[in-house]
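Take a look at the model below. This briefing walks through its overall build and then two of its residues.

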Amino acid sequence: MRISNLFSLCIVCILTLTSCSQSDVNPVAIDDAWIREAPPGATAMAGYLNIINQSENHIILHSASSPAFKAIEFHRSIEKDGVYRMVPHLHLHIAANTTFQLKPGDYHLMMFNPTSALKEGDSVDVELVFSQGQTVNITIPVKKAQ
């Protein structure tokens, strides 16, 4: 075998091993995502999902965006003395090896000013940006309240 062929074979092997590294495994999984259908003309909608941190490290959800909404924020509904209010959060912290639930009556995506009327059966593309710049793109269906 010629040295140039041997060198090429070594490079291919190294690239193959590098591509199989643990860093290519996505530490974040999303499941049970849905957006609550709102009445016609609503200026805000709520989105829910489970964020599964499959890594040994704490991660942070920094932002969410979608071409279907002018803005998406993270909110938490809090009840005090029988009155609910929504508290905005800049980021969501997800502990290692846990599932963080965004669900009705608790943490959720507050999705402002939809660019078109959305009804049950529609779906919306959303980009989630996590720590270290990791991005997860998901498609979320619009459903009636569950």
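Predicted model: local features only at pLDDT ≥ 70, side-chain atom pairs only at ≥ 80, totals over all residues.

Residues are numbered from 1 along each chain as its sequence is written, and side-chain values use heavy atoms, with hydrogens and water left out.

**Fold**
- The protein chain has one helix and 10 strands; helices (H or I, at least four residues) and strands (E, at least two) are DSSP runs, numbered from the N terminus.
- Along the sequence, the pattern reads α-β-β-β-β-β-β-β-β-β-β.
- Of the contacts (heavy atoms within 4.5 Å) between residues at least 6 apart in sequence, 64% join residues at least 24 apart.

**Burial and surface**
- The protein chain has 146 residues, and 32% of them are buried.
- Buried means under 20% relative accessible area, exposed over 50%, and partly exposed in between (1.4 Å probe, protein chains only).
- The accessible surface of the protein chain is about 9,100 Å², and carbon and sulfur atoms hold 56% of that area.
- Accessible areas come from the Shrake-Rupley method with a 1.4 Å probe; for residues, only the protein chains shown count as cover.

**Asn97**
- Asn97 lies in the loop between strand S6 (92–94) and strand S7 (99–102).
- Its phi is near 50 degrees, a positive value in a residue other than glycine.
- Asn97 has a relative accessible area of 45%, so it is partly exposed.

**Asn113**
- Asn113 sits in strand S8 (residues 107–114).
- Its phi is positive, near 50 degrees, and the residue is not glycine.
- Asn113 is partly exposed because its relative accessible area is 36%.
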